[in-house]
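Biologist: Hi! Could you walk me through this one? I'd like to start with the sheets and then move on to the core and the chain contacts.

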Amino acid sequence: MRPFTALSALCGLFLSASSFVGADSTTSPSRVALPRDFKPPQVFKNANLVRTSNLEKGYLRETVNVVVENVDTQPQSDYYLSFPSDLYDKVGALEVRDKTAPENGRFDVEATEFSPGSDFQYFIVHLPKPLAPSSQITLGISYAVLNSLRPRPAAISQNDRQFLAHSFSAYAPSAYTTVTQKTKLKLPSTSVPDYTTTDLTSGPDPQRQGTTYTYGPYDTANVAPGTFYPINIRYEFTKPVITASLLERDLEVSHWGGNLATEERYWLRNNGSKLTDNFSRVEWTISSYQQLPSSSIRELKYPLKPGSVDPYFTDDIGNVSTSHYRPGKVPNREGSLEIRPRYPIFGSWNYSFRIGWNNDLSAFLRRAVTGADSYVLRVPFIEGPKVAEGIQYEKVVVRVVLPEGARNVQYETLEKSSSNGLPSASQIHSHISSYKTFMDTLGRTTLTLTVEGLTDEARDSQLLLTYDYSLWDSLRKPVTITAGLLTVFVAAWAVGNIDVSIKKR
Amino acid sequence: MAESPTDVLLKGDSGRNTRGLLRFIILATIAAAAVSSRLFSVIRFESIIHEFDPWFNFRATKYLVQNGFYSFWDWFDDRTWHPLGRVTGGTLYPGLMVTSGVIYHVLRFLTFPVDIRNICVLLAPGFSGLTALAMYFLTCEVSPSPSAGLLAAAFMGIVPGYISRSVAGSYDNEAIAIFLLVFTFFLWIKAIKNGSIMWGALAALFYGYMVSAWGGYVFITNLIPLHVFVLLCMGRYSSRVYISYTTWYALGTLASMQIPFVGFLPIRNSDHMSALGVFGLLQLVAFADFVRGFVPGKHFQRLLTTMVILVFGIAFLGLVLLSVSGVIAPWSGRFYSLWDTGYAKIHIPIIASVSEHQPTAWPAFFFDLNFLIWLFPAGVYMCFRDLKDEHVFVIIYSVLASYFAGVMVRLMLTLTPIVCVASALALSSILDTYVFASNGPNPRSKANDDTPSEGLRSARKPEVGITSYLSKAFMLTSVVIYLILFVAHCTWVTSNAYSSPSVVLASRMPDGSQHIIDDYREAYYWLRQNTEHNAKIMSWWDYGYQIGGMADRPTLVDNNTWNNTHIATVGKAMSSREEVSYPILRQHDVDYVLVVFGGLLGYSGDDINKFLWMVRIAEGIWPDEVSERDYFTARGEYRVDDGATPTMRNSLMYKMSYYNYNSLFQPGQAVDRVRGTKLPMEGPQLSTLEEAFTSENWIIRIYKVKDLDNLGRDHGNAMAFDKGHKRKRATKRKGPRVLRTE
């Protein structure tokens with residue numbers, strides 16, 4: 001039926017002997033199912049809670065430092081982290097550490113099934129050592145909340161300033177009673193037309209200091225956990241709210257070419273205010289001439305690793321001619337790819353595109369010390385444009401295409417003493433498959449990692465991969481092609497020798 | 001004579017092998033040159049589909065690749081010709097798409113991750129390499145000289161007349177059709193020379209492929225019967241003619257009827273009647289020939305006369321009857337315009353509005369063919385000297401194609417192959433005469449002693465020819481100079497005239513670097529990303545295919561111009577006042593209107609310059625409502641400035657083109673750089689449309705059609721109210737006051 005593939009597959013199998021890649025090894029993020037109307041056991045008390053909400057970028061970045069005390073008689077190890085139901089799915093890059101010893105690494109965090117009836121949803125933090133009764137631990141919890149900031153007014157005209165609104169509860173949502181707490185807001189500018197004032201403290205609330213607004217401290221020992229005290233704040237943010245609804249990132253490793261090819265496909269959206277009137281080219285020409293701030297995406301600067309070559313920037317209908325590339329210099333000057341979309345992207349407008357480039361593989365790959373045929377690949381998990389207003393990624397799919405025949409693929413994300421912007425390993429969905437291209441016989445081993453809810457803070461995160469790859473594997477393709485061509489020639493010669501004439505000999 | 005190493009290579013059996021290898025290498029080089037000279041646009045711009053029609057072919061190919069052959073065959077496309085839709089699968093020539101689909105699947109089968117766009121872009125150059133090969137075969141059949149074929153192949157590879165339709169990205173039917181045309185003719189000549197059923201059947205097969213690929217197949221359908229007819233008239237009937245023609249006609253007609261778009265045309269359409277007629281005639285001639293063997297001469301003469309008169313009368317009567325009763329379709333309008341160049345302008349403005357249907361200007365012949373055009377008559381003359389069957393074919397082809405190329409610019413394409421053949425004949429004869437005939441005691445005749453088989457020909461004839469080295473050198477130098485000039489000209493023409501994608505415009509920055517004006521794609525991509533998937537776009541039909549291909553949105557009209565009324569409706573909407581146009585837009589569910597405006601940049605191919613065609617086509621259907629005269633001033637000028645007529649200034653097209661354009665300039669300084677005029681102080685006002693998007697250089701302007709007013713007013717009043725014109729409100733207040741009870 002398909003003689004060539006059949007043949008080449010046969011040759012490939014013959015040559016590969018024992019290099020069978022496990023066809024499918026998939027890990028999905030695990031989610032714990034909780035019973036209906038679950039209430040976390042009240043075994044902890046938050047002695048002190050400081051929540052810092054950073055609004056300087058187009059998404060909400062929160063850090064909660066909380067002193068937790070075990071009020072039970074037994075040692076406890078499961079701390080429940082609660083989020084309002086409407087925010088639960090938007091939380092990304094959640095990380096919990098011991099604040100006093102961040103270099104010990106992150107704690108294991110598990111997500112729970114979404115239970116529809118409840119106002120709160122929970123993450124379970126597994127403390128590495130059970131907390132003894134009446135002893136304390138300081139947790140540093142950090143996470144990003146995507147798509148929670150609303151542009152208000154929802155529609156502005158083209159040259160207007162844009163404002164975002166952030167609504168939250170003065171009492172930080174927690175499953176446990178909190179004794180004292182306060183919330184610090186870091187705003188991008190001092191232009192804050194509306195904010196809620198409370199009379200929960202004796203002094204003025206909030207206290208303002210430059211661009212920092214502080215709500216609290218509140219004495220909430222008697223406030224039931226989960227009490228909602230609405231606070232709204234509306235601040236100027238005349239920058240685009242850049243959202244990538246999907247980022248697909250392909251990294252292709254070629255041992256023969258010594259090349260690491262990267263291609264990224266973006267589906268961008270601006271979540272800022274819509275335009276009340278339609279787009280006016282006249283106004284746009286004037287305002288871009290005067291370099292006025294705008295709520296539209298005008299240009300994205302994409303730093304590329306030193307030594308990146310052959311960059312391209314295309315979309316569905318071809319090359320986008322409005323881009324520039326300033327090549328970097330090995331060893332340490334970064335290149336800069338300036339991406340200018342075909343049109344300025346205003347609120348609720350979309351733009352999808354793809355970019356790609358090549359790198360020398362030697363900067364990313366080396367032989368493992370453990371075995372001769374074992375390799376270690378270290379690549380950035382995501383890169384993405386670097387912009388002051390930040391980027392939120394709703395879904396990221398990273399695909400690492402390893403050479404044909406690579407096996408024993410293992411990966412990990414590199415941890416540092418501070419947050420690397422990635423969620424814990426259990427929240428990363430991984431999948432190993434094979435991908436056939438360029439006359440492959442077995443297909444290339446491909447590791448696909450899927451993460452939801454990332455921000456541009458994950459730019460510096462690193463992905464570490466180890467795999468085995470032997471000399472035989474690298475010779476498989478030339479041998480297969482040679483054998484295939486030889487077969488074709490022999491077949492042609494054989495067919496040519498058959499006498500089909502109807503003449504009498 | 002001692003055998004030098006070159007003698008070993010050039011003489012005898014190994015000599016034949018060497019020549020074969022050389023010929024193969026030369027042909028491969030020619031094919032490579034043909035391909036590479038078509039890649040200017042890919043190198044200069046990118047791998048992109050060009051112009052207008054190729055965008056449709058590209059879209060259809062994508063559909064074929066994604067949905068498979070059968071659903072492509074039955075494809076009803078509801079995204080064109082809204083609200084009519086188009087039975088695309090049955091109204092196109094599928095050969096091109098199927099060819100690229102097959103190539104795509106073969107490459108995918110070999111696991112090459114090649115993009116269908118790149119296949120489409122590079123299909124035409126690839127096939128032009130094949131055309132050069134086919135041309136070599138064809139010319140070798142016509143001429144005994146070995147150099148003629150190679151020359152013809154080289155000419156065909158780089159001649160601008162063919163390159164104009166086959167540069168990379170020009171993904172049109174002609175891309176593969178010219179190869180098929182040449183190859184079918186080669187097979188036909190092979191068939192008629194050998195009287196072979198196999199070659200005739202092969203010719204039919206490729207004819208079938210040609211039918212599936214291009215509407216120009218009618219040229220073959222008429223040229224081959226004409227060839228046979230002329231042969232019969234010359235008294236050259238033979239069993240070879242009979243076998244090859246009947247084989248070709250029977251199989252070829254059946255093959256052509258497999259294409260849904262052609263269907264029963266071969267037996268019902270006048271364009272195809274000559275083939276049928278010659279088929280019948282050939283049977284009669286064959287029968288007469290058969291009878292002659294049995295009947296004495298005198299009786300035969302009488303029999304023949306009666307038969308001829310009888311058959312001719314019956315056939316003529318039958319043809320008239322069938323034509324009148326409508327069984328045989330009358331000649332199509334495009335066909336009439338082939339004979340009367342003024343016909344289209346009077347009767348079918350839509351055909352006349354296409355620039356490639358205009359008569360050819362004289363310089364175009366030199367531009368497209370360079371020195372081949374003056375070698376061409378010489379080549380045709382050479383055919384008369386040695387008038388074999390195949391030479392008759394060349395002569396007929398030359399005469400017909402010359403005429404057609406003079407009538408319509410695009411038919412230059414069918415002329416080009418025969419020009420290459422004829423001029424290769426002429427040039428090779430010159431070269432043979434001057435290079436091979438030698439002076440004095442012939443070294444070759446000595447060599448002939450060793451190889452008596454070659455010696456026969458020269459031994460029979462005494463050596464005649466040019467013997468002076470001076471004249472040889474002079475002649476050769478001038479030929480070489482002409483050839484060099486030809487190559488330079490072809491490269492220049494290809495690079496400058498035929499390699500612009502026309503989707504992307506290139507200009508130069510002050511520092512000499514290239515600046516790309518990409519307004520078309522900017523606007524199309526905006527439409528694609530930021531409008532609803534089913535938003536209907538109205539534009540003049542030129543841009544229909546591009547909108548369908550790049551913006552992926554339904555269009556009202558596109559470049560497939562079979563429905564004149566629908567196009568005229570769009571023309572009427574564009575050329576009428578807003579009050580007239582708005583109901584038309586609403587009735588056709590139009591969401592956005594797209595116009596092309598070159599005034600800011602000086603881009604002359606814009607809609608205001610095409611506007612008169614819209615008016616003319618609309619006038620053809622609604623002579624009472626649209627009148628071309630109203631768009632000209634009293635002195636007969638076509639103006640857009642202060643002197644423009646009220647009809648012009650109130651037309652939707654004018655308003656959309658110049659809306660808001662004033663605000664880009666100082667008051668009163670607005671200039672239209674295409675028309676080179678100052679515009680009126682006051683810009684036009686739009687009430688039923690609102691500007692949705694304008695591209696960077698204002699080439700594309702997109703307007704959104706407003707929904708009905710919430711309060712039931714017409715848009716003019718609503719606008720006046722919003723602007724705070726108090727007059728309307730004052731008149732209303734005079735009515736009795738009503739207490740609002742809400």
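**Sheets, core and contacts**

Modeller: Happy to. Strand β17 (residues 230-236) of chain A runs antiparallel to β14(A), and two bridges join them. Keep in mind that this is a predicted model.

Biologist: Thanks. Which residue in β17(A) is the bridge partner of Y195(A)?

Modeller: That's I233(A).

Biologist: And what is the strand order in the open sheet with β17 and β14 of chain A?

Modeller: The order is β10-β12-β17-β14 in chain A, four strands with antiparallel pairing. At the edges are β10 (150-151) and β14 (194-195) of chain A, each pairing on one side only.

Biologist: Now the open sheet with β2 and β5 of chain A: how is the pairing there?

Modeller: Mixed, in this case. The four strands of chain A come in the order β2-β7-β8-β5.

Biologist: How many bridges join β7 to β8 in chain A?

Modeller: Four, between strand β7 (residues 108-112) and strand β8 (residues 120-131) of chain A, and these two run antiparallel. If you want a spot to look at, D108(A) stands opposite H126(A) in β8(A).

Biologist: Nice. Changing topic: how many residues does the largest nonpolar core have?

Modeller: It has 284 residues, and A152(B) and M210(B) are those with the most contacts inside it. Helix α9 (residues 174-194) of chain B gives the most to this core, with 16 residues.

Biologist: Where does this core lie relative to domain 1 and domain 2 of chain A?

Modeller: Between them, because domain 1 (31-148 + 163-236) and domain 2 (241-469) of chain A both give residues to this core.

Biologist: Back to A152(B) for a moment. What does A152(B) touch?

Modeller: Leaving out residues up to four places away in sequence, A152(B) touches M135(B), Y136(B), T139(B), C420(B), V421(B) and A424(B).

Biologist: Last topic: how many residues of chain A are in contact with chain B?

Modeller: 24 residues of chain A are in contact with 28 residues of chain B. On the side of chain A that touches chain B, the elements giving two or more residues are α3 (281-289), β23 (318-319) and β26 (350-360) of chain A.

Biologist: Which element gives the most to that side of chain A?

Modeller: β26(A), with three residues.

Biologist: And how do the residues on that side divide into nonpolar, polar and charged?

Modeller: On the side of chain A that touches chain B, there are nine nonpolar, eight polar and seven charged residues.

How values were computed:
Residues are numbered from 1 along each chain as its sequence is written. Chains are lettered from A and ligands numbered from 1 in the order in which they are written. This is a predicted model: local features need pLDDT of at least 70, side-chain atom pairs count only at pLDDT 80 or more; totals for chains, interfaces and linings use all residues. A nonpolar core is a set of buried Ala, Val, Leu, Ile, Met, Phe, Trp, Tyr and Cys residues joined through C-beta atoms within 7 Å. A residue is buried if 20 or more other C-beta atoms lie within 10 Å of its own, exposed if 12 or fewer, and partly exposed in between; C-beta atoms are placed from the backbone. Domain bounds come from an automatic or database domain assignment. Two residues are in contact if their C-beta atoms, placed from the backbone, lie within 7 Å. Two strands pair if DSSP finds at least two bridges between them. Ala, Val, Leu, Ile, Met, Phe, Trp, Tyr, Cys and Pro count as nonpolar, Asp, Glu, Lys and Arg as charged, and the others, Gly among them, as polar.
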